[in-house]
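Got a model open and wondering where the labels come from? Let's go through a few of them, one at a time.

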Amino acid sequence: MDIGARIRQLRNKNNLTLEELASRCELTKGFLSQLERNLTSPSISTLEDIVEALGMTMSDFFKEDQEEKLVFTANDYFIDEKEDHTITWIVPNAQKNRMEPILLELEPGCSSQVIYPHEGEEFGYVMSGRIRLMLSGRKKGLAVKNGQTFYIKGDREHYLKNESSSAARVLWICTPPIF
């Protein structure tokens with residue numbers, strides 16, 4: 001690990017000047033500059049002082065940052081097949097994010113799970129087939145067909161229903177994650 005580069009990265013991330021960090025850990029600005037350029041090495045005690053001044057632990061300091069995965073393929077998907085519908089989580093571990101996209105495949109005459117009132121919003125795009133967006137307070141629901149979208153607040157109980165004779169496929173995105 002490049003300790004000097006890591007110190008510089010964290011100092012900049014915390015919007016600290018060399019002088020400010022040096023003052024916080026009772027070191028000289030020149031010494032910190034040499035550390036960041038790998039011209040000298042700190043003792044364990046000095047490194048602990050620097051790391052503490054940066055607001056972290058030694059284990060966090062040495063933890064390698066894993067590059068966040070941005071592109072996902074079918075190999076990353078998690079598929080939950082039920083008798084009447086299939087949910088495909090197309091972004092792994094999306095429940096840690098602010099939104100959660102899924103692919104929902106509904107067999108003819110079947111319905112999705114009921115989504116109970118929650119804070120947040122939902123967006124859906126019917127990729128194939130047609131569905132009925134069933135909302136509490138609306139007996140007949142709303143028809144949504146291939147190529148159409150829906151956008152709703154999560155403040156009412158709702159679900160999707162496939163009343164047609166062919167399967168329907170919906171890209172359904174929810175914030176915050178609820179699936």
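**Labels and their cut-offs**

Q: Why is Glu 26 called exposed?
A: Glu 26 has a relative accessible area of 75%. Exposed means over 50%, buried under 20%, and partly exposed in between, with a 1.4 Å probe and protein chains only, so Glu 26 counts as exposed. A caveat on the source: this is a predicted model, where local features need pLDDT of at least 70, side-chain atom pairs count only at pLDDT 80 or more, and totals for chains, interfaces and linings use all residues. Residues are numbered from 1 along each chain as its sequence is written, and side-chain values use heavy atoms, leaving out hydrogens and water.

Q: What is the phi of Glu 26, and where does the residue lie?
A: Phi is near 55 degrees, a positive value in a residue other than glycine. Glu 26 sits in the loop between α2 and α3; helices here are DSSP runs of H or I with at least four residues, strands are runs of E with at least two, and both are numbered from the N terminus.

Q: How do you know that the buried residues of α3 line one face?
A: The buried residues of α3 (residues 29–36) are Leu 32, Ser 33, Leu 35 and Glu 36. Seen down the helix axis, they fall within an arc of 160 degrees, so they line one face; the arc is that of the directions from the helix axis to the C-beta atoms. They pack against α1 (3–13), α2 (18–24) and α4 (44–53).

Q: Which residues does Phe 62 touch, not counting residues up to four places away in sequence?
A: Met 1, Ile 3 and Leu 47, where contact means heavy atoms within 4.5 Å. Phe 62 is in helix α5 (residues 58–62).

Q: What makes the peptide bond from Thr 175 to Pro 176 stand out by its omega?
A: Omega is near -10 degrees, and the bond is cis. Pro 176 lies in the segment after β9 (168–175).

Q: How many cavities of 30 Å³ or more does a search of the whole structure find?
A: One. A cavity is a set of points on a 1 Å grid over the protein atoms alone where a 1.4 Å probe fits but cannot get out, and lining residues have an atom within 4 Å of a point. Grid points are joined across faces, edges and corners, and a volume is the space filled by probe spheres set on the points; the largest cavity holds about 30 Å³.

Technical notes:
1 Å grid on protein atoms, 1.4 Å probe; cavity = no way out; pocket = protein on both sides within 12 Å on 5 of 7 lines; lining within 4 Å.
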